[in-house]
Amino acid sequence: MLVLSKLCTSGIRNRITSKLLVLNTHTFCKLPSNNRSLSASVRLFTNTLKKNQLTFLKNATRSNQTVTVHFSSTQCKKSKKFVGSWLLLCSGMVFVAVSLGGITRLTESGLSMVNWRFLGEKMPLTQQQWIEEFEKYQQYPEFKILNKDMTLEDFKRIWWMEYIHRMWGRLIGVTFIVPASYFWLKGMLSPRMKLKVLALGGLIGLQGLMGWYMVKSGLEDRFDGPGDIPRVSQYRLAAHLGLALGIYAGFFYNALDYLVPAKSMPIDLFREHNISSKFSLLASKLVKLKNFVYATKGLIFLTALSGAFVAGLDAGLIYNSFPKMADKWIPDDILAFYPFLRNFTENPTTVQFDHRILGITTLTMITLVGCMSRKLSIPGRGSKAVVALVAFGYLQVLLGITTLLNYVPIPLAASHQSGSLLLLSSIVWLCHELKFVHRLPK
Ligand code: HEM
């Protein structure tokens, strides 16, 4: 499919964000007859084309191509800006929530609040209320085993950290739901976007529940051995982080769609009037790059999830050397757990080993994306996205190694966690720029 995008900003009566498909026929005879403003805008659009572009368009439609033309009015542009800015704000807030979550975990504050209410927990206001809240915390394993000597002042510090994290999550809910309802009622969302809004809203609600489900696992008495300490389940931590990354990517991708729509294939090639072999070759290289970029995105996501297992098992506090693990390429206790599969999610050595391998493989793929895209003219801002991807990829691995070598200090570990979001942002951006790259029909 060949995609030609054009923004037509004048002469249109109302908000039209339509896709016009013109198939194997004269270009403009298949317009919906009941939509005069749309046909008017198509005529206007063709008037703006140069002669050779028009010839190309006609050739394309005659030779079984599909040509897609996007139209939007000035008014639509304005509402797109509002919706896009709102989506960007939501993604920024999710970014902050993930960072806050990381700091909450690293400062061991996550188990300080032992109750959860959907609309918000009561904040202790008097000294007596603080003492009562502290007494509740004292019933749970984290206090009994790890924090026996904790003072009320220490407790207040970890309580505030967890409270801020939870309230920030609720603020995201409000920032999402109020504008979403307004845009919906005002007809500013396309049917497709409405579905996405429902999905994102559902995921935000699920994330709140998942957060509490995760905390609950840290409040239970579930210890593997005498040396074990109270901590949340690594499976639930990974699910909580994975959901957050999914929500973040969803907001960010759609924000880009609204604010900086992706461009079609390099437009100067249209000047060649027909689909030359040079164009086909370029297109197939771009398609290969796109597939590779999608695979890299999947790997980045998987590496981040495996990082949550490292964090959940405190696996960054063993084998603090790189590249070898205690002078060995493969440590002795890598398959110490039985049955075999448990090692991949419960054995700290295997979990750390896997995270290293995944991290290095991800970096190799990112480097290959950089090399593959060097000689290609990627549509839109694609080249800038590649530069960001490579830079954040190297930064992330550097931060990971430094975190490990220094026994997981809070600032480095928190930066490593936020780094994964920057890396994810750059690959989401690149995928967005490659959105209209499609295989050409033979
Ligand atoms: C593309 C590469 C990488 C990505 C996307 C990535 C991502 C992550 C993520 C998301 C976490 C979880 C943080 C949390 O939940 O708090 C994590 C943890 C961790 N990563 Fe990576 N990582 C990468 C490479 C590496 C490398 C190469 C190393 C070191 C060899 C490393 C060492 C660690 C350590 C030690 C932790 C645990 C930190 C903690 O306990 O908070 N990472 N990583």
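**Exercise 1. Helix 7 and helix 8**

Determine how helix 7 and helix 8 are oriented relative to each other in this predicted model, and describe their contact.

*Solution.* Step 1: the axes of helix 7 (residues 191-219) and helix 8 (residues 234-259) approach within 9 Å and cross at roughly 160°. Step 2: an angle over 145 degrees counts as roughly antiparallel, and helix 7 is therefore roughly antiparallel to helix 8. Step 3: the crossing of this pair is left-handed. Step 4: helix 7 contributes Lys196, Leu200, Leu203, Ile204, Leu206, Gln207, Met210, Gly211, Tyr213, Met214 and Ser217 to the contact. Among the partners on helix 8 are Arg236, His240, Leu243, Gly246, Ile247, Gly250, Phe251 and Asn254. Step 5: by class, the contact residues comprise 13 nonpolar, seven polar and two charged.

**Exercise 2. Helix 8 and helix 13**

Classify the packing of helix 8 against helix 13 by angle and by handedness.

*Solution.* Step 1: the two axes are 10 Å apart, at an angle of about 40°. Step 2: roughly parallel would require an angle under 35 degrees; helix 8 is therefore oblique to helix 13. Step 3: the crossing of helix 8 and helix 13 is right-handed. Step 4: the contact joins Leu245, Tyr248, Ala249, Phe252, Tyr253, Leu256 and Asp257 of helix 8 to Leu421, Leu424, Ser425, Val428, Trp429 and His432 of helix 13. Step 5: these residues divide into ten nonpolar, two polar and one charged.

**Exercise 3. Helix 11 and helix 12**

Describe the packing of helix 11 with helix 12, including the residue classes at their contact.

*Solution.* Step 1: the axes lie 9 Å apart and the packing angle is about 160°. Step 2: helix 11 and helix 12 are therefore roughly antiparallel, and their crossing is left-handed. Step 3: Gly359, Leu363, Ile366, Thr367, Val369 and Gly370 of helix 11 meet Val386, Leu389, Val390, Gly393, Tyr394, Val397 and Gly400 of helix 12. Step 4: the contact holds eight nonpolar and five polar residues, and no charged ones.

**Exercise 4. The shell around the ligand**

State which residues come nearest to the ligand and which helix gives the most to the shell.

*Solution.* Step 1: of the 30 residues around the ligand, Gly307, Gly316, Gly359, Gly400 and Ala413 come nearest. Step 2: two or more shell residues come from each of helix 3 (74-106), helix 9 (277-312), helix 11 (348-372), helix 12 (382-405) and helix 13 (410-433). Step 3: helix 9 gives the most, with seven residues. Step 4: the shell consists of 15 nonpolar, 13 polar and two charged residues.

**Exercise 5. Annotated spans**

Compare the UniProt "transmembrane region" feature at residues 82-103 and 197-215 with the model.

*Solution.* Step 1: the unreviewed UniProt entry places this feature at several spans, including 82-103 and 197-215. Step 2: residues 82-103 are 100% helix, with end C-alpha atoms 32 Å apart. Step 3: residues 197-215 are 100% helix, with end C-alpha atoms 27 Å apart.

How values were computed. Residues are numbered from 1 along each chain as its sequence is written. This is a predicted model: local features need pLDDT of at least 70, side-chain atom pairs count only at pLDDT 80 or more; totals for chains, interfaces and linings use all residues. A residue is near a molecule or strand if its C-beta atom, placed from the backbone, lies within 6 Å of it. Helices (H or I, at least four residues) and strands (E, at least two) are DSSP runs, numbered from the N terminus. Ala, Val, Leu, Ile, Met, Phe, Trp, Tyr, Cys and Pro count as nonpolar, Asp, Glu, Lys and Arg as charged, and the others, Gly among them, as polar. UniProt positions are given in the numbering used here, feature names are shortened, and annotations may be inferred rather than shown by experiment. Axes are lines fitted to C-alpha atoms, for helices over the stretch in contact, and angles run from 0 to 180 degrees between N-to-C directions. Angles under 35 degrees count as roughly parallel, over 145 as roughly antiparallel, 65 to 115 as roughly perpendicular and the rest as oblique. A crossing is left-handed if the near helix is turned anticlockwise from the far one by less than a right angle, and right-handed if clockwise. Two residues are in contact if their C-beta atoms, placed from the backbone, lie within 7 Å.
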